Amino acid sequence: MAYKTTATTKGGREGRAMLDGGALALAMALPKELGGSGEGHNPEQLFALGYSSCFGQAILVLAKKHGLDGQAARVTADVTLKTDDGFSLAVDLKVSLPGADKAALEALVEEAHQICPYSKATRGNIPVTITVA
């Protein structure tokens, strides 16, 4: 095992979530769009933060192989909670790297999508689209 972390939430989407050890604790709240106060964080926001940073790290790991400098790469994760047929998620990743050759960046992003743990976890489970700008 390389790394393990643990979080505990009490009260679900209207409660409090905390990492073991107390390094991070967040008030949770339903978004206004779902009838909540919106005065806290929600799992979709946390998923977007995790996915964008994880995918960004995959880009950094592979950039040199593709002849690119991944330090300036920007990854945006739009996470949608769908409620049309029960509850489900969808993700749209947007990747940009100023000055990068588009074909090289597309190849890098495709390979990053193969090694990113979030991409592996979502593959075949939820729709993930990737846009390279």
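User: In this predicted model, is Ser119 buried or exposed, and how should I read its relative accessible area?

Analyst: The general idea is that a residue counts as buried under 20% relative accessible area. Ser119 has a relative accessible area of 0%, so Ser119 is buried. The residue has its place in helix H3, which covers residues 117-122.

User: Which residues does Ser119 touch, leaving out those up to four places away in sequence?

Analyst: With those sequence neighbours left out, Ser119 touches Tyr51, Phe55 and His113.

User: Turning to the domains, how do I read the area buried between domain 1 and domain 2?

Analyst: In general, the size of an interface is often given as the accessible area lost when the parts come together. Here the domain assignment gives domain 1 as residues 1-41 and domain 2 as residues 43-132, and their C-alpha centres lie 23 Å apart. The area buried between domain 1 and domain 2 is about 490 Å², with carbon and sulfur atoms giving 65% of it, while 6 residues of domain 1 are in contact with 6 residues of domain 2.

User: How many salt bridges does the rule find across this interface, and which side chains meet in a salt bridge?

Analyst: The rule finds 1 salt bridge across the interface of domain 1 and domain 2. The side chains of Arg13 and Glu44 meet in a salt bridge, with 2.5 Å from N to O. On the side of domain 1 that touches domain 2, the residues divide into 3 nonpolar, 2 polar and 1 charged.

Technical notes. Residues numbered from 1 in each chain as written. Predicted model: local features only at pLDDT ≥ 70, side-chain atom pairs only at ≥ 80, totals over all residues. Heavy atoms only, no water. Domains from an automatic or database assignment. Contact = heavy atoms within 4.5 Å. Buried area = accessible area lost by both parts, 1.4 Å probe. Salt bridge = Lys/Arg side-chain N within 4 Å of Asp/Glu carboxyl O. Nonpolar A, V, L, I, M, F, W, Y, C, P; charged D, E, K, R; others polar. Helix = DSSP H or I, 4+ residues; strand = E, 2+ residues; numbered from the N terminus. Buried < 20%, exposed > 50% of the residue type's maximum accessible area, 1.4 Å probe, protein only.
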